[in-house]
Amino acid sequence: NWPVKLQILLDNRIGMGSGNIQQLKNGVKALVDAMPESLEVTMVSTAPQPRFLARPTTDRAAVQKGLDLLAPDTGAGRFVESLNEATQRIERDKTDYFPVIISVATTSGDVNVRESDVERMMKRLEARPTTVHVILFSSGAATGSGGGNQTQIGISVTKYTGGKFEDINSPTRIAPLLTEWGKTGGSGG
């Protein structure tokens, strides 16, 4: 009877496109609305670095307030850094619960990824089993060379944790995917 604690990581970089931020907000709102009221949610934007939008809470009004703060940024989304920080928060929380991470990322950013950061993240996932799901959005516009990093690491981490990896090129897919995952309690399956 352990509770689920969900961390939502949102890439608000220019790769998402300012016109698509509303699609992202709609998707997150649908995800949270589909989840049990007692679910603890943490929400973090990833550009220009990971920043809390909503600290861990079961208060849906606080989550909505955090979501309302989500705005486009011109800095690079920090996919690996945000995952690393999320696994660090899980490592520090010694209570009994099932950790779930959902990352909505873009193929822009994370050009230079240190192997030591990826190794540290994977060790944390091994020590504290966590389900990680990734939606990777590519707008089709020219992106930095980081797209390969996000794809490779996203596939690796979701495969390792039994999560789902969705590579999409239409922002209208974000809300249906997040809604579906919310209906399955974040398990995605």
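This is a predicted model: local features need pLDDT of at least 70, side-chain atom pairs count only at pLDDT 80 or more; totals for chains, interfaces and linings use all residues.
**View 1. The aromatic pair of W2 and F98.**
W2 and F98 form a tilted aromatic pair, with 5.4 Å from centre to centre and 45° between the ring planes. The pair links distant parts of the chain, as the two residues are 96 positions apart. W2 belongs to the segment before β1 (4-10), whereas F98 lies in strand β4. W2 has a relative accessible area of 43% and is therefore partly exposed. F98 is likewise partly exposed, with a relative accessible area of 46%.

**View 2. Charged side chains over the ring of Y97.**
Two residues are shown with the aromatic ring of Y97. K5 lies over the face of Y97, at 4.4 Å from the ring centre. R128 also lies over the face of Y97, and here the distance to the ring centre is 4.3 Å. K5 has a further link to β4, where its bridge partner is P99.

Six strands build an open sheet of mixed pairing, in the order β3-β2-β1-β4-β5-β6. The edges of the sheet are formed by β3 (51-57) and β6 (165-168), each of which pairs on one side only. From one strand to the next, the twist averages 10°. Strands of a sheet pair through backbone hydrogen bonds, in either a parallel or an antiparallel sense. In this sheet, β1 and β4 pair in the parallel sense over seven bridges. The pairing of β4 with strand β5 (residues 131-137) is parallel and comprises seven bridges.

Strand β4 spans residues 98-106 and contains S103. The strand is mostly covered, with eight of its nine residues buried. Is S103 buried or exposed? S103 counts as buried because its relative accessibility is 2%, and the cut-off for burial is under 20%. Leaving aside neighbours within four places in sequence, S103 is in contact with L9, F79, L83, H133, V134 and I135. One of these contacts, V134, is the bridge partner of S103 in β5. A105 has its own bridge partner in β5, namely L136.

**View 3. Helices packed on the sheet.**
Helix α3 (residues 79-92) packs on the sheet and touches β1, β2 (40-45), β3, β4 and β5. The direction of α3 makes about 170° with that of β4. Helix α6 (residues 174-183) lies across β4, β5 and β6.

**View 4. The nonpolar cores.**
In soluble globular proteins, nonpolar side chains tend to be buried together. The largest nonpolar core of this model has 28 residues. Those with the most contacts inside this core are I8, L10, L24, V28, M43 and L178. At least two residues of the core are supplied by each of β1, α1 (21-34), β2, β3, α2 (60-68), β4, β5 and α6. Helix α1 gives the most, with five residues. Apart from neighbours within four places in sequence, L10 is in contact with L24, V28, M43, V44, S45, T46, L53, L67, L70 and V104. A second, separate core has 18 residues, including V118, M121, L125 and V132.

**View 5. L178 in helix α6.**
L178 has its place in helix α6. With a relative accessible area of 0%, L178 is buried. Which residues does L178 touch, not counting those up to four places away in sequence? L178 touches G27, V28, L31, I102, V104 and I135. L178 and I102 are 76 residues apart in sequence, and their C-alpha atoms are 8.8 Å apart in space.

**View 6. T172 in the loop between β6 and α6.**
T172 is found in the loop that joins β6 and α6. T172 is partly exposed, with a relative accessible area of 48%. Along the chain, T172 and P36 are 136 residues apart, and 24 Å separates their C-alpha atoms.

Notes:
Residues are numbered from 1 along each chain as its sequence is written. Side-chain values use heavy atoms; hydrogens and water are left out. Helices (H or I, at least four residues) and strands (E, at least two) are DSSP runs, numbered from the N terminus. Buried means under 20% relative accessible area, exposed over 50%, partly exposed in between (1.4 Å probe, protein chains only). Contact means heavy atoms within 4.5 Å. Rings of Phe, Tyr and Trp (its six-membered ring) pair if their centres lie within 6.5 Å; planes under 30 degrees apart count as stacked, over 60 as edge-to-face and the rest as tilted. A charge sits over a ring if NZ of Lys or CZ of Arg is within 6 Å of the ring centre and within 35 degrees of the ring normal. Two strands pair if DSSP finds at least two bridges between them. Axes are lines fitted to C-alpha atoms, for helices over the stretch in contact, and angles run from 0 to 180 degrees between N-to-C directions. A nonpolar core is a set of buried Ala, Val, Leu, Ile, Met, Phe, Trp, Tyr and Cys residues joined through side-chain atoms within 4.5 Å.
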